[in-house]
Every structure is written in structure tokens, then in C-alpha cells.
Amino acid sequence: MLSDDNDSEFEAETATLPLDGWHRGKGARMVEFAGYWMPVQYEGIVAEHLWTRAHAGLFDVSHMGQLEVSGEAAEAALEAVLPIDLSTLKPGRQRYSLLLDESGGVLDDLMVTNAAHRFYLVVNGATKWDDIAHLREHLPDEITLTHLEDDALLALQGPEAARALARLGLDPVNDGWPRVEEMVFMQAGPFSWNGVPLRVSRSGYTGEDGYEISVPAARVETLAEALCAQPEVQPIGLGARDSLRLEAGLPLYGHDLSREISPIEAGLTFGINKRRRGEGGFAGADRIQRELAEGTARKSVGLTLEGRLPAREGAEVYAGDAKVGRVTSGGFSPTLGHPIAMAIVDSAHSAEGTPLVVDVRGKRLSAAVAPMPFVPHNYFRGDR
Amino acid sequence: MPRYFTDEHEWIDVEGDTATVGITDYAQGQLGDIVFVELPRVGSEVARGKDAAVVESVKAASDVYAPITGEVTEANGALEDDPALVNSSPEDQGWFFKLTIANKSELDGLMDAAAYKSFCDSL
């Protein structure tokens, strides 16, 4: 018992990110999140949120897990642990996927990039140690799983992100691969910036155009400074990251997505690629295929609320007097000026426009099922 | 009119038997952008140290405790239309509620402005 206690105390020690001092120097308020001290806000959540929607925000997401899977049969090995179809994921392309348990619950959601002869994965910070253990257990011994612990991760998000990043003059490492401003949504590749190796993808978690940039931790401050020196760019904290992703209708693992919620219930069928839906042969396939065929008893939906009082995670959702679900995440939308939420509700009450009631501390708030995203996505698909 | 402060970052203006209650500039800074304030009903009794109001920021909901016991005589209706007054004018226009003071001895031991400032500096 004593050693267990010591272990848990040791694990509970909060780690610092490579940019810790930089954040504090920028006036960030630091909070504990996913085992790290992280900036929750600098100037204020609403100002940072609106700045990102109008210009470009720089987010430090170095708490997230960056992994590399390599080896002769890496493609087949990854397909055995993820419901992804890698035969249609070309080098330089990225895709959303899900790590499922045997009963079809979600262990994590993640991004997979075909990095030519290897796969680059980005997983959630709070789940990365469990993910690594799960992958190591389920991947064959001859497959190499590398935790890229010496790399930091930045996200540059917003309609002016491409203009700001283009000014830094990153060079594609591979001949003939696009420059950052030419990349389209979910394209990814290796770059060199003043000799610093970067992994850049055109993706993110705000619904805006933008990039995620993996950089050696030793050089992350130089890159963050260079980006924030651009007039379009301000540092943005975790608070606005959460309100931006909520407006974009993007689920947050551990809240909108968990072992208790299947990807079909969560509306993430696209995270199980078409060939795999048919063939099965992945963890949880029985349940996934059954739910695809028969539908699910409950579904994740968006809710818009009347008034100004936000409904938070855990608030109960009613249709008349009958409890039909609960809020999985919710808050006030700075863009829309009213509260929004994601909820899991009985499928009978999941159609768009269905009037529902959310209970917040005994107040019964009028709500309606709304399409997501709440704020339109603004991804760059090469058509402008 | 004496102003008192609590270690829960509320301020209390006392005028005769009536007190006006709000949260301090330090508190609003910690809470961030405020989007909703739930105030006690006029006529309700609030008890010292118990929930009296809820402040919803973009980030989270936070309870505001009654700094003293009494009966609520007025709630600041301006916060309904413009909850951000708590951010822009926390110690003036962004007041929360007024109450009749049930027990003046509850004011003993509260901080004055100078004591509250050194309390915040120590945080």
C-alpha cells in the first residue's frame, strides 16, 4: 500500500511544458491540465476566442502525445488496432481515427498521418500514457512505437494563419511537395525552417483554417516568438481552445467521447473507414457493425439554449417531464452570443429542431436540437 | 460609508442597517469574462458563508457566498442585461444585491481596503 501511495503521489506531480516560462512571461494564467501546467488564458477567453476567429491564434498543445509507428508491416499492424483504411491514406495525408476497446467504447481519438514509410500519430494528452501502453500491447514486437517526447506541438489557427506562417519561409523537405500556403486541409509533411526540422499539417481543433506544427522542444520558443512577431498572431490559452472547438462541434475526449459512448452514438461514423465498416476485424467491430445496421438508442446532438445561462457538463436534458439525456459539454458561445452545448439524448429526441429542456440548478432552460458545427468550419480545401 | 472585504473576495458597503454586496476587482479578474449572474430573489434569506449567487464565466460556474446573514431587499437588475458590468465595474455598477443586516457583529473581523489589498498581494 505504501508504495502504491508513493507512486500515485509521484504521478500526480505536475509537469511543465517546454514553453512554460514563455507563457508566464506573456502574462498567462497557468492551470493544471492533463498533468501539465498549461496557459488557460492570457488576455481573456472571449478576446482570445474572437481574435482566433478573425486573425490567427497560437496554441501550445505540447501536452499531447506525438507517436511514430514504423516497421515493415506498420500499415497492417496499425489497421489491426485502428478502424482506419490506410490503403486510401496517401503519403502526406492525415486522417481522424479512433482507438476502440473490445466493446466498442472509445479509448481515445487521434490523428494519423502517413509520413512515408512510417505513421505519425497525435493523441490526447490526458490519455497518452494509456494509449502507449495499449498500442505497445497490441502492436507486434517487430513494429517500432516511438514516443516523440523531445518534440513540442504548436497549433496556429485562424483565417490569417496561412498568411502568417507563409512569411516564415518554411521549405518542404520533399521535392515537389506543397509549400505551407499551398497545402490543403488534412495535408501534412516535413519542412525545414532555418535548419529546424518541422512536421506541419493543415488541420486543427478550432474549425478554422490553420496548422499544427511539431518542433523539437529545444527550438519551440524560437518558433513561438517568430510566429507571435507576425501582426496576425496572438498567443491563445486553453480556455478559448475549448470554446472554439465547442462552436466547431468537435468532441472533447473524456467528455463528449468516452468508453461509455460508442463512436456511432457520438456521430463519428466517419472515424471508422468504409472498408473497415464492411470487413470488421478491429476492436469493438461487433458492436459498431450492429449499431450501424440497427441504429443506436441514443445520439450526440448539438443544443442551442435560450437566454444567457450556460448549461455545463452533467446538466440533465428533458423532453417535457421525461429525462432523455445529459449535457456532455457546454458553455457560452462568444461568436453567437448565447449558450451552446453538446448532449447525448435518446434518439427519439435527436432530430434537428426538437424542443428540449435543460435543467441548470433547478432552472428549466429552453433548448433546441441544433445542427453542428454551431459556427461554420472554415477549412482550406484549395477552392479559393 | 464603510466598505468591508472578505477572504472570499466579496465587498460589502454598509449604510445603516443595509448592506450592498459585490465581488472585488481581483475576483472578476480571476473569473474572466462573465456571461451570466444568478442573483438571490428579493425577500429571500441568505446566511453567512452559504451560497447566495452564481457567476457564470465563459469558463465555469462559480458560487458567491453571502458575506453576512440577512434578507435580500434588492438585486441588481442591470446585470441581467449586461453581466459584463461585473468585469468592467466590479466594485461599483456591477454590485450584486442589497440586504438588511441581521447581525452587525458579523462585520467584525472583516477586512478593510488596506488589509484586503495585502491579503490579495499575499496570494
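Two strands are taken to pair if DSSP finds at least two bridges between them. In this predicted model, strand 4 (residues 34–38) of chain B pairs with strand 6 of chain B in the antiparallel sense, over four bridges. Within that pairing, B:Glu38 stands opposite B:Val54 in strand 6 of chain B. Strand 6 of chain B also pairs in the antiparallel sense with strand 7 (residues 61–65) of chain B, here over five bridges. B:Ala53 stands opposite B:Val64 in strand 7 of chain B, and a hairpin of three residues joins strand 6 of chain B to strand 7 of chain B. Strand 6 of chain B covers residues 51–57, and five of its seven residues are buried, so this strand is largely enclosed by the rest of the structure.

The secondary structure of chain A comprises ten helices and 21 strands. The radius of gyration of chain A is 21 Å, close to the 21 Å that the globule rule gives for 384 residues; chain A is therefore as compact as a globular protein of that length. Along its principal axes, the C-alpha trace of chain A spans about 65 × 60 × 50 Å. Of the 384 residues in chain A, 48% are buried. Among contacts in chain A between residues at least 6 apart in sequence, 65% join residues at least 24 apart.

In soluble globular proteins, nonpolar side chains tend to be buried together. The largest nonpolar core in the model has 131 residues. The residues with the most contacts inside this core are A:Leu121, A:Leu154, A:Leu156, A:Leu303, A:Ala343 and A:Val358. Strand 19 (residues 338–346) of chain A gives the most to the core, contributing six residues. At least three residues of the core come from each of domain 1 (2–62 + 150–247) and domain 2 (297–370) of chain A. When residues up to four places away in sequence are not counted, the residues that A:Leu156 touches include A:Ala56, A:Leu58, A:Ala161, A:Leu165, A:Tyr211, A:Ile213, A:Leu227 and A:Val233. A:Gly210 is also among the residues touched by A:Leu156.

The contact between the two chains takes 14 residues from chain A and ten residues from chain B. On the side of chain A that touches chain B, the elements that give two or more residues are helix 3 (45–54), helix 8 (238–247) and strand 18 (322–333) of chain A. The residues on this side of chain A divide into six nonpolar, five polar and three charged.

Methods
Residues numbered from 1 in each chain as written. Chains lettered and ligands numbered in written order. Predicted model: local features only at pLDDT ≥ 70, side-chain atom pairs only at ≥ 80, totals over all residues. Buried ≥ 20, exposed ≤ 12 C-beta atoms within 10 Å, placed from the backbone. Contact = placed C-beta atoms within 7 Å. Nonpolar A, V, L, I, M, F, W, Y, C, P; charged D, E, K, R; others polar. Core = buried A, V, L, I, M, F, W, Y, C linked by C-beta atoms within 7 Å. Domains from an automatic or database assignment. Rg over C-alpha atoms; globule rule 2.2 N^0.38 Å.
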